[in-house]
Amino acid sequence: MSDVMIEARELSKQYGSVHALQNVSFSIRRGEVVGFLGPNGAGKTTTMKILTCYLAPSSGSATVNGADVFGDSLGVRKSIGYLPESTPLYTEMRVSEYLQFMANMRGIKGPEALKRIATVAEQTSLTDVLHKEIRHLSKGYRQRVGIAQALVHQPPILILDEPMSGLDPNQAHEIRDLIRDLGKERTVILSTHNLAEVQVTCQRVLIIAKGQIAADDTPDQLRARAGKPRFAVTLAKGDAAMEESRFRQRARELLSALEHVEAVEERSAKEGELTLVVVPKGFDDLRSAISKALAQEGFVIMGLSQEGEDLEQVFRQLTVGASAASTPGASSGKGA
Amino acid sequence: MRALFALLHRLVAFEWLRLRRGRQLRVAALIAAAVSAATLVALVASPEAQLESTLNDVFFWGMFNVFAYALAFVFHAGIIADEVQARTLAFLVSRPLPRPTLLLSKYVAGSALSWLLLWVALLVVEALLGLRSVTLLRDQGLWVVRAGLALMLLTALYAAVASMWSALLPEAAATMTALHLGIFEFAGSWMPGSFRWISFNYAAQQLADLPPRGLLPELAPLVDPVAAAALLIAATALFLGLAIWTFQTSEYRAST
């Protein structure tokens, strides 16, 4: 059995003179959690709608779990659980009725349907609201209902379009945890324009801009594109009697002597406190070495943080202006 | 085929539940109550000698020119349009179900509710007839059933017309249905002479054996009941086919 669960080949979609997608190619393997990242209007939802057989591509092809989206759309739809953008639900239905209908639509009936509903309700923490009408649920719970209906037939592939949009931080956190759990057993593709979601949830990121794949990499590798990480450390004198100049010089000497350190820059200093920025030679995380070295010399560490490896920078580089189209890896996509 | 019917049955059951929970059923029941109340007033106020012609008026105005149109609007103008506006269409078509089955199930569920309300209203008319005059009930009871069957065919046709516009232009489904039924069906049924052929409402009236009305009724064509029934069924199949074809091939970008 092939390890590739989703494969898009040269997908294009045109609406009149507007190119919503241009030659988008990528593949997603079994068990991957892939973030589909891009600004509004970049083509994320169009791609998802092609993969779920809602839209037909203008050219190109795609297979989902071995079934062609055009030639075997029923086969594709059997393999996927889909949560569309903004979680459209039949709000006049009770949660249990709705999930029952969803199970029936997938050919699951009787005791088996009830068992599946109980399982997904537990997975998505819906057990307490099964008897409630959907219109009386909070946004977070509605999102859970949307995810539950996508899971009820235990699909090997989950396609989630902006699953965290409109949720408060607590709700988003819960849904993120849920998606991470689901990703342990399934192939998950989730579209979003929220970078935090991707960093926390996904093993791989596809960035789409102006209808083209602008990047296809792991979150770590993408962050690396933003440049080397830097470490800012704020120190206080452990020994009050130590002279101010001696305190600053000793701290710099200590940090400069560390392995893999390229430079140490002074950012700010005030009476008894100093902030230094450590620039590493490579991409190593030096926080442990920094704190160990300073603590041994009796310095009091007031703060230590990593800077400069922000996915947001990469996202902006890849998606703002004309750079999107000219970025290496654009248009063809790298595939998995 | 058995699996298809099982699927259709589940979809119809779901639509039935939604329609009952939604406001459509309440609106339609209100219209049915209003038509029944008007019938009651007309029959009570009518002199004995004019009861038969009053009954014809009640059917012509209340059933053929109000109720049949209203049912199509209430149950079918939103058949696809509501799904597009609520964005549930993307979700619905991602199920492993053929699109024609989806539309057909919605059509059947709406039509079943329409017919149920129609026969409730007709039973009320029969009861009122019996209360007013047992002789009238005996003479006209079967005619009411015949008119009911004609109305069933007409409501099925109007449901297909509304479904077609709902699938074709979801953003303006109600307006287009109103224009279509208003121009071709209502106005058409008042046209002089052979122009009446454009109105299936007139064919249904002929099937119900209602005397011609409108402009120059004496020149209006007399339609054979079998031909009228065949015409109504063929037109329903045509409009329903167009609705299914449109739904099958449309992308409904507005829903994105």
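Predicted model: local features only at pLDDT ≥ 70, side-chain atom pairs only at ≥ 80, totals over all residues.
A residue counts as buried if 20 or more other C-beta atoms lie within 10 Å of its own, with C-beta atoms placed from the backbone.

Select helix H5 of chain A, residues 139-151. Of its 13 residues, 11 are buried, so that the helix is mostly covered. The buried set runs through A:Tyr141, A:Arg142, A:Gln143, A:Arg144, A:Val145, A:Gly146, A:Ile147, A:Ala148, A:Gln149, A:Ala150 and A:Leu151. Display next what these buried residues pack against: strand E6 (80-83), H3, H4, strand E7 (157-161) and helix H6 (169-182), which belong to chain A. The end C-alpha atoms of H5(A) are 18 Å apart, in agreement with the 18 Å that 13 residues should span at 1.5 Å a residue.

The crossing of H3(A) past H4(A) is right-handed. To see the contact, select A:Ser96, A:Leu99, A:Gln100, A:Ala103 and A:Asn104 on H3(A), together with A:Ala113, A:Arg116, A:Ile117 and A:Val120 on H4(A). By class, the residues of this contact are 5 nonpolar, 3 polar and 1 charged.

Finally, bring chain B into view. Its contact with chain A takes 19 residues from chain B and 20 residues from chain A. On the chain B side, helix H1 (2-21) and helix H5 (88-92) each supply at least two residues. H1(B) gives the largest share, 5 residues. Coloured by class, the chain B side shows 8 nonpolar, 4 polar and 7 charged residues.

Notes:
Residues numbered from 1 in each chain as written. Chains lettered and ligands numbered in written order. Left-handed = near helix turned anticlockwise from the far one by under 90°. Helix = DSSP H or I, 4+ residues; strand = E, 2+ residues; numbered from the N terminus. Contact = placed C-beta atoms within 7 Å. Nonpolar A, V, L, I, M, F, W, Y, C, P; charged D, E, K, R; others polar. Expected span 1.5 Å × (residues − 1). Buried ≥ 20, exposed ≤ 12 C-beta atoms within 10 Å, placed from the backbone.
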